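Subject: Structure for your review

Dear colleague,

Please find below the structure that I am handing over to you. My notes on it follow directly after.

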Amino acid sequence: RALLTPVSWAYAWAAARKYRSTITRHAPVPVVCVGNLTLGGAGKTPLVRAIRAKLGPSAHSLSRGYGGTIEGPLRVTPDMDAREVGDEPLLHAADGAAWIARDRVAGALAAAHAGARAIIMDDGFQNASLAKDLSIIAVDGGFGIGNGAVFPAGPLRERLADGMKRADAFVVIGEADEEAVAFLDGVTKPILRAKLTPEATAPTGKLVAFAGLARPEKFFDTLTALGADMEEAVPYADHHLYSEDDLTFLADLAKERGAKLITTEKDAARLAPQWREQVTVLKVAARFEDDAALDALLAPIQSRMT
(Lines give C-alpha, C1' and ligand atoms only; values in the text may rest on other atoms or scores of the structure.)
Protein backbone atom coordinates (compact mmCIF):
# COMPACT_ATOMS: atom_id res chain seq x y z
CA ARG A 1 0.00 0.00 0.00
CA ALA A 2 2.83 2.42 0.88
CA LEU A 3 4.43 1.93 -2.53
CA LEU A 4 1.12 2.53 -4.32
CA THR A 5 0.05 5.55 -2.29
CA PRO A 6 1.75 8.15 -4.54
CA VAL A 7 0.05 6.53 -7.54
CA SER A 8 -3.31 6.71 -5.74
CA TRP A 9 -2.74 10.43 -5.11
CA ALA A 10 -2.21 10.94 -8.84
CA TYR A 11 -5.29 8.85 -9.63
CA ALA A 12 -7.45 10.84 -7.19
CA TRP A 13 -6.15 14.15 -8.56
CA ALA A 14 -6.84 13.09 -12.14
CA ALA A 15 -10.35 11.86 -11.25
CA ALA A 16 -11.20 15.12 -9.48
CA ARG A 17 -9.78 17.22 -12.31
CA LYS A 18 -11.72 15.26 -14.94
CA TYR A 19 -14.96 15.63 -12.96
CA ARG A 20 -14.50 19.41 -12.53
CA SER A 21 -13.56 19.99 -16.17
CA THR A 22 -16.43 17.97 -17.69
CA ILE A 23 -19.37 19.95 -19.05
CA THR A 24 -22.54 18.71 -17.37
CA ARG A 25 -25.76 18.53 -19.34
CA HIS A 26 -29.31 17.96 -18.12
CA ALA A 27 -31.75 15.40 -19.45
CA PRO A 28 -35.36 16.46 -20.18
CA VAL A 29 -36.54 13.97 -17.52
CA PRO A 30 -35.33 13.32 -13.95
CA VAL A 31 -32.24 11.14 -13.55
CA VAL A 32 -31.61 8.80 -10.63
CA CYS A 33 -28.07 7.45 -10.34
CA VAL A 34 -27.22 4.33 -8.33
CA GLY A 35 -23.47 4.32 -7.92
CA ASN A 36 -20.48 3.20 -5.87
CA LEU A 37 -17.71 4.87 -3.96
CA THR A 38 -15.58 1.76 -4.49
CA LEU A 39 -14.51 -0.42 -7.38
CA GLY A 40 -16.38 -3.68 -7.73
CA GLY A 41 -19.92 -4.65 -6.97
CA ALA A 42 -21.87 -3.52 -3.94
CA GLY A 43 -25.35 -4.42 -5.15
CA LYS A 44 -26.05 -1.56 -7.57
CA THR A 45 -27.98 -3.62 -10.10
CA PRO A 46 -30.51 -5.12 -7.62
CA LEU A 47 -31.02 -1.61 -6.24
CA VAL A 48 -31.72 -0.24 -9.71
CA ARG A 49 -34.25 -3.01 -10.27
CA ALA A 50 -35.96 -2.31 -6.93
CA ILE A 51 -36.13 1.43 -7.62
CA ARG A 52 -37.44 0.80 -11.10
CA ALA A 53 -40.24 -1.34 -9.66
CA LYS A 54 -41.20 1.66 -7.51
CA LEU A 55 -41.10 4.20 -10.34
CA GLY A 56 -43.03 2.06 -12.81
CA PRO A 57 -42.70 1.10 -16.49
CA SER A 58 -42.09 4.65 -17.71
CA ALA A 59 -38.73 4.62 -15.90
CA HIS A 60 -35.98 3.41 -18.23
CA SER A 61 -32.59 2.09 -17.14
CA LEU A 62 -29.32 3.41 -18.55
CA SER A 63 -25.96 1.63 -18.35
CA ARG A 64 -22.57 2.02 -19.92
CA GLY A 65 -22.76 -1.57 -21.15
CA TYR A 66 -19.56 -2.60 -19.38
CA GLY A 67 -17.98 -5.65 -21.00
CA GLY A 68 -19.89 -5.19 -24.25
CA THR A 69 -18.58 -4.02 -27.61
CA ILE A 70 -21.47 -1.78 -28.70
CA GLU A 71 -21.11 1.91 -27.81
CA GLY A 72 -24.78 2.83 -28.21
CA PRO A 73 -27.10 4.50 -27.65
CA LEU A 74 -28.96 1.24 -28.08
CA ARG A 75 -32.17 -0.10 -26.60
CA VAL A 76 -31.38 -3.54 -25.20
CA THR A 77 -33.66 -6.56 -25.51
CA PRO A 78 -33.35 -9.74 -23.42
CA ASP A 79 -32.32 -11.85 -26.43
CA MET A 80 -29.14 -9.85 -27.10
CA ASP A 81 -25.62 -11.12 -26.41
CA ALA A 82 -23.81 -10.03 -23.24
CA ARG A 83 -20.59 -9.86 -25.26
CA GLU A 84 -22.16 -7.00 -27.22
CA VAL A 85 -24.21 -5.17 -24.59
CA GLY A 86 -22.86 -6.33 -21.21
CA ASP A 87 -24.55 -8.55 -18.63
CA GLU A 88 -26.30 -6.02 -16.36
CA PRO A 89 -28.32 -4.37 -19.18
CA LEU A 90 -29.78 -7.78 -20.03
CA LEU A 91 -31.16 -8.06 -16.49
CA HIS A 92 -32.67 -4.57 -16.80
CA ALA A 93 -34.12 -5.44 -20.20
CA ALA A 94 -36.01 -8.30 -18.57
CA ASP A 95 -37.75 -5.68 -16.40
CA GLY A 96 -38.59 -3.16 -19.13
CA ALA A 97 -36.95 -0.53 -21.32
CA ALA A 98 -33.15 -0.63 -20.96
CA TRP A 99 -30.48 1.38 -22.73
CA ILE A 100 -26.70 1.28 -23.06
CA ALA A 101 -24.54 4.23 -24.06
CA ARG A 102 -20.91 5.10 -23.51
CA ASP A 103 -22.08 8.70 -23.94
CA ARG A 104 -24.54 8.97 -21.04
CA VAL A 105 -26.07 12.21 -22.31
CA ALA A 106 -26.82 10.67 -25.70
CA GLY A 107 -28.29 7.63 -23.94
CA ALA A 108 -30.52 9.78 -21.74
CA LEU A 109 -31.77 11.76 -24.73
CA ALA A 110 -32.51 8.56 -26.66
CA ALA A 111 -34.46 7.15 -23.72
CA ALA A 112 -36.43 10.36 -23.24
CA HIS A 113 -37.22 10.51 -26.96
CA ALA A 114 -38.52 6.93 -26.72
CA GLY A 115 -40.92 7.86 -23.92
CA ALA A 116 -38.96 7.58 -20.69
CA ARG A 117 -40.41 9.71 -17.89
CA ALA A 118 -37.42 9.04 -15.67
CA ILE A 119 -33.98 7.48 -16.11
CA ILE A 120 -32.25 5.20 -13.62
CA MET A 121 -28.51 4.96 -14.14
CA ASP A 122 -26.78 1.74 -13.15
CA ASP A 123 -23.35 3.17 -12.22
CA GLY A 124 -21.98 6.47 -13.54
CA PHE A 125 -21.73 8.36 -10.24
CA GLN A 126 -18.19 9.47 -11.17
CA ASN A 127 -19.31 10.51 -14.68
CA ALA A 128 -20.10 14.23 -14.63
CA SER A 129 -21.43 14.49 -18.19
CA LEU A 130 -25.06 13.82 -17.22
CA ALA A 131 -26.64 15.78 -14.36
CA LYS A 132 -28.22 13.67 -11.62
CA ASP A 133 -31.36 14.66 -9.76
CA LEU A 134 -30.81 11.96 -7.14
CA SER A 135 -27.55 10.11 -6.44
CA ILE A 136 -27.82 6.98 -4.32
CA ILE A 137 -24.67 5.20 -3.17
CA ALA A 138 -24.72 1.43 -2.69
CA VAL A 139 -22.56 0.31 0.25
CA ASP A 140 -21.60 -3.29 0.93
CA GLY A 141 -22.31 -3.57 4.65
CA GLY A 142 -19.51 -6.05 5.23
CA PHE A 143 -16.88 -4.31 3.10
CA GLY A 144 -17.67 -0.61 3.32
CA ILE A 145 -14.81 1.35 1.79
CA GLY A 146 -12.11 -1.22 2.50
CA ASN A 147 -8.91 0.42 3.69
CA GLY A 148 -10.25 3.85 2.72
CA ALA A 149 -7.54 4.52 0.14
CA VAL A 150 -8.01 5.50 -3.49
CA PHE A 151 -7.13 3.00 -6.23
CA PRO A 152 -4.60 1.41 -6.67
CA ALA A 153 -3.66 1.61 -2.95
CA GLY A 154 -7.28 0.81 -2.07
CA PRO A 155 -10.75 0.33 -3.56
CA LEU A 156 -12.01 3.93 -3.68
CA ARG A 157 -12.78 5.37 -7.11
CA GLU A 158 -12.17 8.94 -5.91
CA ARG A 159 -11.41 10.84 -2.71
CA LEU A 160 -13.95 9.86 -0.10
CA ALA A 161 -14.81 13.46 0.78
CA ASP A 162 -15.58 14.27 -2.87
CA GLY A 163 -17.95 11.34 -3.28
CA MET A 164 -19.66 11.86 0.06
CA LYS A 165 -20.31 15.51 -0.78
CA ARG A 166 -22.09 14.70 -4.07
CA ALA A 167 -24.14 11.78 -2.72
CA ASP A 168 -27.77 12.39 -1.76
CA ALA A 169 -28.39 9.11 0.07
CA PHE A 170 -26.72 5.82 1.01
CA VAL A 171 -28.09 2.27 1.00
CA VAL A 172 -26.22 -0.20 3.20
CA ILE A 173 -26.73 -3.67 1.75
CA GLY A 174 -26.50 -6.78 3.90
CA GLU A 175 -25.41 -7.22 7.49
CA ALA A 176 -23.45 -4.14 8.48
CA ASP A 177 -20.04 -4.48 10.11
CA GLU A 178 -19.68 -1.50 12.44
CA GLU A 179 -16.08 -0.86 11.46
CA ALA A 180 -16.79 -1.21 7.74
CA VAL A 181 -19.57 1.39 7.77
CA ALA A 182 -17.98 3.71 10.34
CA PHE A 183 -17.37 6.23 7.55
CA LEU A 184 -21.12 6.92 7.65
CA ASP A 185 -21.04 8.01 11.29
CA GLY A 186 -22.30 11.56 11.58
CA VAL A 187 -23.72 11.62 8.04
CA THR A 188 -26.92 13.68 7.97
CA LYS A 189 -28.10 12.45 4.59
CA PRO A 190 -30.59 9.56 4.42
CA ILE A 191 -29.10 6.14 5.16
CA LEU A 192 -31.34 3.24 4.13
CA ARG A 193 -30.79 -0.45 4.72
CA ALA A 194 -31.54 -3.33 2.40
CA LYS A 195 -30.82 -7.01 2.00
CA LEU A 196 -30.32 -9.13 -1.10
CA THR A 197 -32.93 -11.82 -0.57
CA PRO A 198 -33.05 -15.05 -2.60
CA GLU A 199 -36.32 -15.41 -4.46
CA ALA A 200 -36.34 -19.18 -4.02
CA THR A 201 -34.93 -21.90 -1.79
CA ALA A 202 -31.77 -23.73 -2.75
CA PRO A 203 -32.30 -26.70 -5.09
CA THR A 204 -32.19 -30.10 -3.47
CA GLY A 205 -29.24 -32.36 -4.09
CA LYS A 206 -25.55 -31.73 -4.59
CA LEU A 207 -24.48 -28.48 -6.25
CA VAL A 208 -21.45 -27.08 -8.02
CA ALA A 209 -21.70 -23.30 -7.72
CA PHE A 210 -19.84 -20.83 -9.91
CA ALA A 211 -19.87 -17.05 -10.11
CA GLY A 212 -17.94 -14.26 -11.83
CA LEU A 213 -18.58 -11.30 -9.53
CA ALA A 214 -16.48 -8.69 -7.75
CA ARG A 215 -16.93 -10.79 -4.59
CA PRO A 216 -18.16 -14.25 -5.66
CA GLU A 217 -17.88 -15.51 -2.08
CA LYS A 218 -21.06 -13.55 -1.30
CA PHE A 219 -23.01 -15.84 -3.65
CA PHE A 220 -21.44 -18.94 -2.14
CA ASP A 221 -22.23 -17.68 1.37
CA THR A 222 -25.85 -17.13 0.35
CA LEU A 223 -26.14 -20.73 -0.83
CA THR A 224 -24.57 -21.97 2.39
CA ALA A 225 -27.02 -19.88 4.43
CA LEU A 226 -29.88 -21.49 2.47
CA GLY A 227 -28.61 -24.91 3.49
CA ALA A 228 -27.42 -25.91 0.02
CA ASP A 229 -25.33 -29.05 -0.35
CA MET A 230 -22.36 -27.50 -2.14
CA GLU A 231 -19.77 -29.89 -3.47
CA GLU A 232 -17.63 -27.21 -5.10
CA ALA A 233 -17.55 -23.39 -5.32
CA VAL A 234 -15.71 -22.07 -8.38
CA PRO A 235 -14.94 -18.32 -8.47
CA TYR A 236 -14.19 -16.29 -11.59
CA ALA A 237 -13.27 -12.65 -12.16
CA ASP A 238 -15.99 -9.99 -12.27
CA HIS A 239 -17.88 -9.92 -15.60
CA HIS A 240 -16.02 -13.07 -16.71
CA LEU A 241 -17.05 -14.15 -20.21
CA TYR A 242 -17.39 -17.92 -20.01
CA SER A 243 -15.65 -19.83 -22.78
CA GLU A 244 -16.66 -23.24 -24.06
CA ASP A 245 -13.69 -24.68 -22.16
CA ASP A 246 -14.86 -23.03 -18.92
CA LEU A 247 -18.33 -24.47 -19.25
CA THR A 248 -17.13 -27.91 -20.31
CA PHE A 249 -14.88 -27.95 -17.22
CA LEU A 250 -17.81 -26.98 -14.97
CA ALA A 251 -20.13 -29.55 -16.56
CA ASP A 252 -17.51 -32.30 -16.17
CA LEU A 253 -16.92 -31.27 -12.56
CA ALA A 254 -20.64 -31.42 -11.79
CA LYS A 255 -20.94 -34.83 -13.46
CA GLU A 256 -17.96 -36.12 -11.49
CA ARG A 257 -19.55 -34.94 -8.22
CA GLY A 258 -23.04 -36.13 -9.13
CA ALA A 259 -24.20 -32.54 -8.81
CA LYS A 260 -26.13 -29.80 -10.62
CA LEU A 261 -24.63 -26.50 -11.71
CA ILE A 262 -25.92 -23.30 -10.12
CA THR A 263 -25.00 -19.64 -10.67
CA THR A 264 -26.28 -16.09 -10.35
CA GLU A 265 -28.73 -14.36 -12.67
CA LYS A 266 -25.97 -11.98 -13.74
CA ASP A 267 -23.65 -14.87 -14.65
CA ALA A 268 -26.43 -16.68 -16.49
CA ALA A 269 -26.78 -13.64 -18.77
CA ARG A 270 -23.24 -14.36 -19.98
CA LEU A 271 -23.93 -17.97 -20.91
CA ALA A 272 -24.80 -19.20 -24.37
CA PRO A 273 -28.49 -20.26 -24.59
CA GLN A 274 -27.64 -23.97 -24.84
CA TRP A 275 -25.61 -23.77 -21.63
CA ARG A 276 -28.15 -21.59 -19.84
CA GLU A 277 -30.65 -24.45 -20.10
CA GLN A 278 -28.28 -26.72 -18.16
CA VAL A 279 -27.67 -24.36 -15.21
CA THR A 280 -29.93 -23.51 -12.28
CA VAL A 281 -30.14 -19.79 -11.54
CA LEU A 282 -30.58 -18.39 -8.05
CA LYS A 283 -32.26 -15.00 -8.34
CA VAL A 284 -32.00 -12.37 -5.62
CA ALA A 285 -33.86 -9.11 -5.05
CA ALA A 286 -33.11 -6.05 -2.94
CA ARG A 287 -35.58 -5.73 -0.06
CA PHE A 288 -35.60 -2.52 1.95
CA GLU A 289 -36.03 -2.65 5.71
CA ASP A 290 -38.03 0.58 5.60
CA ASP A 291 -40.02 0.73 2.40
CA ALA A 292 -41.56 4.06 3.39
CA ALA A 293 -38.09 5.62 3.58
CA LEU A 294 -37.46 4.61 -0.05
CA ASP A 295 -40.85 6.04 -1.04
CA ALA A 296 -39.97 9.34 0.62
CA LEU A 297 -36.59 9.44 -1.12
CA LEU A 298 -38.18 8.85 -4.53
CA ALA A 299 -41.21 11.14 -4.02
CA PRO A 300 -39.63 14.23 -5.68
CA ILE A 301 -38.73 12.10 -8.72
CA GLN A 302 -42.22 10.60 -8.94
CA SER A 303 -43.83 14.03 -8.72
CA ARG A 304 -41.95 15.07 -11.87
CA MET A 305 -42.97 11.98 -13.83
CA THR A 306 -46.65 12.87 -14.06
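Does P57 count as buried or exposed? The model is a predicted one, and in it P57 has a relative accessibility of 80%. Because this value is over 50%, P57 counts as exposed. This proline belongs to the loop that runs between α2 (44-55) and β2 (59-63). From P57 to G142 the separation is 85 residues in sequence, and their C-alpha atoms are 33 Å apart in space.

Helix packing

The crossing of α2 past α11 is right-handed. On the α2 side, the residues in contact are I51, K54 and L55. On the α11 side, they are D291, L294, D295, L298, I301, Q302 and M305. By class, the residues of this contact comprise six nonpolar, one polar and three charged.

The four-stranded sheet

I would next draw your attention to a sheet and to the helices that accompany it. The sheet is open and has four strands, in the order β10-β9-β11-β12, and the pairing is parallel. Its edge strands are β10 (229-236) and β12 (279-282), each of which pairs on one side only. From one strand to the next, the twist averages 30°.

Within this sheet, strand β9 (residues 206-212) and strand β11 (residues 260-264) run parallel and are joined by three bridges. In β11, I262 is the residue that stands opposite A209. Helix α7, formed by residues 217-225, packs on the sheet and touches β9, β10, β11 and β12. The direction of α7 makes about 155° with that of β9. A further helix, α8 (residues 244-257), lies across β9, β10 and β11. Relative to β10, α8 runs at about 165°.

Backbone features in the loops

Several loop residues deserve a separate note. P73 is located in the loop between β2 and β3 (74-76). Another cis peptide bond joins F151 and P152, where omega is about 5°. P152 sits in the loop that connects β6 (134-140) with α6 (160-166).

Two residues with positive phi may also be of interest to you. D123 is not a glycine, yet its phi is positive, at about 80°. The loop that holds D123 lies between β5 (118-122) and β6. H239, likewise a residue other than glycine, has a positive phi near 65°. H239 is found in the loop between β10 and α8, where β10 is an edge strand of the sheet described above and α8 lies across β9, β10 and β11.

Why does H239 count as buried? Its relative accessibility is 17%. Because this value is under 20%, H239 counts as buried. P57, by contrast, counts as exposed at 80%.

With kind regards

Methods
Residues are numbered from 1 along each chain as its sequence is written. This is a predicted model: local features need pLDDT of at least 70, side-chain atom pairs count only at pLDDT 80 or more; totals for chains, interfaces and linings use all residues. Side-chain values use heavy atoms; hydrogens and water are left out. Buried means under 20% relative accessible area, exposed over 50%, partly exposed in between (1.4 Å probe, protein chains only). A crossing is left-handed if the near helix is turned anticlockwise from the far one by less than a right angle, and right-handed if clockwise. Contact means heavy atoms within 4.5 Å. Ala, Val, Leu, Ile, Met, Phe, Trp, Tyr, Cys and Pro count as nonpolar, Asp, Glu, Lys and Arg as charged, and the others, Gly among them, as polar. Two strands pair if DSSP finds at least two bridges between them. Axes are lines fitted to C-alpha atoms, for helices over the stretch in contact, and angles run from 0 to 180 degrees between N-to-C directions.
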